[in-house]
Every structure is written in structure tokens, then in C-alpha cells.
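Trainee: I'd like to learn how to read a protein model. Could you walk me through a few features?

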Amino acid sequence: MTENAYKPGSYPDLPPPPGTVGVYGWIKNNLFSSISNTLLTIISAILLYYLIDGIIGWFLFDAVYDAESKIECRKIDSGACWAVITKRVGQFVYGFYPEAERWRIDISFLTMFIAFAPLLYPDIPKRKWLLWFSLVYPFLAYILIMGGYFGLQKIEYSLFGGFMLTVILGVSGIVCSLPIGILLALGRQSNLTVVRTISICFIEFMRGVPLITLLFVASSMLNYFMPPGTNFSILVRVIIMFTFFSAAYIAEVIRGGIQAIPKGQYEAADALGMSYWQKTRFITLPQALKISIPGIMNTFIGLYKDTTLVVVIGLLDPLGIGRAALADTKWNGLSTETYLFVALFFFVSCFAMSRYSLWLENKLNTDQK
Amino acid sequence: MSNNIVIAAVVAGAVGLGAGYALFSGQAPKTVEKETVTSAPAGAGTLDEVRARGKLNCIINTGLAGFAAPDDKGNWTGFDVDFCKAVAAAVLGDATKVNYTTATGKTRFTKLAAGEGEVLSRNTTWTFSRDVDLAQTFIGVNYYDGQGFMVPKSLGVKSAKGLDGASVCIQTGTTTELNLAEFFAGNNMKYNPVPIETNAEAQELYKSGRCDVYTTDASGLYATLMSFDNKDDHMVLPEVVSKEPLGPVVRHGDDQWADIVSWVLRAMMAAEEKGITSANVKELAAKDNKDKEINRLLGKDPLQGISKLGLSPDWAVNVISQVGNYAESFERNLYPLTIQRGLNALSKDGGLHYIPPIK
């Protein structure tokens, strides 16, 4: 017999019996393993068919992509009237920014990725050079977007709106709030009483007040507190409020990270004779920030979505642009399409952020869990 | 240790109080100074500011069908927007020279007070406290609104008096809530309030049949009705149960500017009364009309005092040729919502708009 030709323990694995692996095996085991399961499968399949058929039909096949008004849409087909989006996509993206100047937004947006690359991906080639660009980028973007320098036309902030406004508010808030949050977290742990008290007061005040209240303060009260003659644009005021608000939350997230580090780490650092800043930079923060990544990302995503609240002070973010579109008598009543489109935008950006944070967590994973 | 904290907290508190006091006490006279700057004396204020800037800053709604909404190209259109354009045409000679700043119901007055706009044209109801307490000037009424009721025709109700026992969708925290309670109590009827937060939510609840009646300003009801796919199944009841005179607003303190804005509104209405439209205004302005009021309005005959307003003699020609008269603006923006003139007709047609003579 051939079986005897193998040495003990080196007998090759036989293929599994037919019908137990592969697509066929999976279907047989999971969908049709018994009579009741078979019945359930068939019923679910029928239900799914009707559901998906209706949804897909409404979304895609029966939908109208080009029409002049809702009435025209309804005449063409019975599905979604995406014409309200396609006709106004420029408004959704750029708000009321003049059409001839929109290239400035495009350039700012695309270069933003170059500026962020060295910060987000440490392994990128030529990182040192790119970091210089990251430093210059905020000024570059400010000049490009606001205008008023180098012969660029000055653009009023009241023309800002749409996704561009969300990205400006969200990104500035996120970028500014992380360093402030770290300082606040360190301040709260500090042995210096004044620093600690100020940090605690700031954090507790910002966390204790609803964001909407802060936005109202930004839109109406700050004018009274500023010395006469200073004219901060509402955009800057709102960014400051968003930054402070999320910095307070970031501070608490990072404090959690700092407190999770075993005491032995500090003691070892002290034993090596490290100064406070050396200890913070080389021992505390790298570990604390790594632990806090999910919490930080949570706060960032929250901040990003909270930018829709600016609609209460009259800035037209994508939701505001959508509502304004619905106030046009031509498109009145297409709320489902409009809100779905805005939801899709927010989902895509928030999902991207969440995936990045997962990637970063895996990259920094040192298998110490 | 705990002693240290207490002492530190006390010190920090004292420092904070001191800093706060210094800030506020130092701020008080500055605020007054700022007030006098923004509400400068007549003749040297708003008009010069607008002319120097070359653009009018106008505060409008974030989106209300018929009154203010951006079209597909991003240009704001609507009844309130037309008024901004008219003021710009009168003051700057060009109706397109307007910066629109959007405001919600809550932020509109602070934006006006903070100088973010010279005119607030945002379907604002004229009330005593808004006029007096908030230190602003209502320069007239450009739209008489009032609270109405919308019902499905299947309910079989022909008058609001027949709504006893109905469930009513009502926005909380608005004057409409109070009006509703007063109307039902006054007619010895009961109702079942379904409180909601936003207009959009109300429409959904009404469409799903959660409430029998939807009540808000009549103009809003017509706009809602337009958004329905089956609008023939619903009707707006004839009763109007509250007074909502809507009009443009300016800040207190610059009488010249208030005069300009209010006479722009009256010029649009006077133009309708005299049959001057955007189509024939150039022709009428060129010839000597029998009706001397037309001549005075269009700058053919001298209108005493026009130089005191700081306007050029052809101000009204600019307004009417670029924006149109009151009726044209009304028809362009509100007829698509099936809103009739009703109270908003001129007095000679049985409405409430009675225009002082242009003399």
C-alpha cells in the first residue's frame, strides 16, 4: 500500500470532503442546514429583494440627475431628484465664494494634504523638507482663502459656506486644539498651583458650557469685550471657540493617557536625572498620546460634526446651504435628497479620520497590551 | 498641602476678580465710545460709510421661501432681498452692490447692533419691545403677515372656528404659540397641542397625520404647501388670528439713514400706485408728466429736501428700473407661492399700504 511509503507523522493532509468548504459548503452549512433555516433563508431573500430593489431604484435607476426644478424631476421619473444637488454642487462645496476665485480654494485644499503628510505619516521621504512646508502652510492658506495680499481679491467672510466652511472650521479647530489640549493636560498635572488652578478652571468652564452658548458668545458678546476698532471676523471668533471647546476635552482625554502610565516609568526617569521637560518629552507624552489615540480621534470627529452648529449663528455650512436650497421655490420639499447628500459627505470624512486613527494605532502597537 | 491649595485658590480668585474688575471697569467707557461711533450723528454716519465701502451690508434670512433664498447660481433672490437691492440702487446707483449676511431669528438683532449690516431685511415683526427696548428703528411695513391654519381637505373643515378638539402642530417658544392659545380660548374651543422645534419637523409630523392642523405665519403655510407633492389635498383656512407686520429695520441714531431706507420702500409703493414699472420708468422719467408727483419722484421736477438725504435726483429711477416697483417684487417672489396680495394691496385696492404723498 502507498500509505506505508510515508514516514510516521509526515502523512500529507487530505483535501476536505466535498461539499464542506468553499462557497457551496458555506451556503449549505449556514443557509440550508435545516428545514426551518431553509425557509428563513427563502423568506429573507424575498424580503431583501423587495427592499433593495426599492431602495436602489429610488437611489439610482429611477432617480433624476438633471432637471430645472422639482416639478420637472417628478415628470421625468419617480425616484430621487438629485438634480437639486447637481445644480448646486458648486454652492455645496464653495458656498458663495466667487466662481472666478474658486481655484484658490482648490489649491489650498490640495496643498493641505502635502502639508499634513509629514505630520500624519512619519515614514514619508524628504520629511524634514515637507515639515517646513507644513509650518508655512497656515499662512499660505490664509492668504489664498481670504485674499487681500499680492493682488488677490479680498473675499468677504459672508461669502464662505458649504463644505469649504466645514473643512476650514474643522481642520483649524483640530490642529489648534491638540497642542493647547496637551498643555492643559500637563498643566492640570502640574505641581505649580497657579498653573494647575488655571488649567482646571479653563477645562471645567469649557466643559461645563454648551457649545451653542459659546457660539452665541462668539457671534454677539465678543464684540462688546474687544477694544473698539478691533474687528475680528466672525469666522476667527468661531474658530477660537471651537478650539477652546475641544481643547478642554482633549486635555481630559490626554490626562487619562498620562495617568495610565505606570508609576515606575516616572520613577525611572527621575532616577536617570531627567528634567521635567525631558521626562515629558521622552517618557510621558509618547506613551500617553499613544494610549489616547482613540479618545483624541473621538473628540476630533465630534468637533468636526459640531461645526454644523454654526448654522444657529447664521453661517451657512453644508446643512445651511441645503436648507437654503430647500427655501428656493424650485426645489422646495426635496429634504430627503439634500440631507442624504450632506450625511454622505460627513460620513466619508469622519470614516477616513477613523480609519487613519486605526492605522496609527496598529503602527504604534508595541505588543505590550 | 490642603492649606496650600486653599491659599492658592484664594490668591488666584483675588487675581481673577481684580483682572476682571480692571477689564470691565476699563471697558465701560470704551463701550459707550463704540456706541457713539456706530450710531453717529445724522449726516456723517451710515450713508458715508456705505458710499466709502461701495457696498451695502444687508442682513437677510438664512433661507425662507419667497423672502430670501439663493438660486442655483448662488445669487440671493426673494422679497426681502429685493429690498436690500432697492436700497443699494438708491444709495449707490447699482442694485448688485450688496453684501448679504445671513442671520437666524436669534442673531439678527445683535448682528444689526454690532454693525454687521446697515439694513436688517429679514421678515421681522414690528413689536413694541423690539422697537423701543432693542434701540432700533422699524422704517415701515413691507409685508402684512398673520398666523393662519392649514388642514387636510379630508378633515372637512371650512373655518378655523370648526377646529374644536383638533390636535395642532405648533412651534414652541414663538409668538404663534401664545396666539393659538388665545384664539382657542377666545372661541371656547379645546385643542391638543403637538409641540415641535423646527418648521421642517412640523411639516413631517403634519404630513404623517400626527396632527390635524399646522399653524404658523400664513406666508410660511403657503411655502409649506408648495413643498407638498399632493398640495391639492390641503388648504389654508381663511382666518388669520394674529398681526405680524413685517418690515426692514435700521439702528437707532442715524435719522438720515432711516429716512433713506423708509423712502426707498415708499418710492416702490408709490411707483406701483402711479403705474411706474421697471419697463416704463425710463420713458416716464424722460418726459414731462401731467401727474407732477411722478415728475417729483423721478427727478424731473425738484423734490424739496432730496439733497438733505444725500441722494441724487434719479434715486427712484435707479430703484424702479433695477428692482421694480412693489407689485413687481411681490409678483416675482410671492406669486409662485400662490400668495395673494390681500392685506398687502395698496389702500386704493382695499389693502393696508397707504403711502404718504411725495411732495
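Predicted model: local features only at pLDDT ≥ 70, side-chain atom pairs only at ≥ 80, totals over all residues.

Trainee: Let's start with helices. How do α5(A) and α6(A) cross?

Mentor: Here's the general idea: two packed helices are described by the angle between their axes and the distance between the axes. In chain A, the axes of helix α5 (residues 102–120) and α6(A) come within 8 Å and cross at roughly 150 degrees. That makes α5(A) roughly antiparallel to α6(A). The crossing is left-handed.

Trainee: And what kinds of residues make up the contact of α5(A) with α6(A)?

Mentor: By class, there are 14 nonpolar, three polar and two charged residues in that contact. On the α5(A) side, look for A:I107, A:T111 and A:I114, among others. They're part of a set that meets α6(A) residues including A:L130, A:F133 and A:Y137.

Trainee: Which residues make the contact between α3(B) and α13(B)?

Mentor: Start with the geometry again. Helix α3 (residues 79–92) of chain B and helix α13 (residues 315–322) of chain B have axes that come within 7 Å and cross at roughly 145 degrees. This crossing is right-handed. From α3(B), B:K85, B:A86, B:A89 and B:A90 take part, and from α13(B), B:W315, B:N318, B:V319 and B:Q322. Sorted by class, that's five nonpolar, two polar and one charged residues.

Trainee: Let's go back to chain A. Is A:F160 buried or exposed?

Mentor: A residue is called buried if 20 or more other C-beta atoms lie within 10 Å of its own. A:F160 has 24 of them within 10 Å, so A:F160 is buried. You'll find A:F160 in the loop between α6 (127–146) and α7 (162–189) of chain A. Leaving out residues up to four places away in sequence, A:F160 touches A:G95, A:Y97, A:L165 and A:L235.

Trainee: How many residues of helix α8 in chain B are buried?

Mentor: Eight of its ten residues are buried, so to speak "mostly covered". Among the buried ones in α8(B) are B:L221, B:Y222 and B:A223.

Trainee: Last one: how is chain B divided into domains?

Mentor: Domain 1 of chain B takes in 46–144 + 245–349, and domain 2 takes in 147–242. Their C-alpha centres lie 31 Å apart. Where they touch, five residues of domain 1 of chain B are in contact with four residues of domain 2 of chain B. The domain 1 side of that contact divides into three nonpolar, two polar and no charged residues.

How values were computed: Residues numbered from 1 in each chain as written. Chains lettered and ligands numbered in written order. Helix = DSSP H or I, 4+ residues; strand = E, 2+ residues; numbered from the N terminus. Buried ≥ 20, exposed ≤ 12 C-beta atoms within 10 Å, placed from the backbone. Contact = placed C-beta atoms within 7 Å. Axes fitted to C-alpha atoms, helices over the stretch in contact; angles between N-to-C directions. Parallel < 35°, antiparallel > 145°, perpendicular 65-115°, else oblique. Left-handed = near helix turned anticlockwise from the far one by under 90°. Nonpolar A, V, L, I, M, F, W, Y, C, P; charged D, E, K, R; others polar. Domains from an automatic or database assignment.
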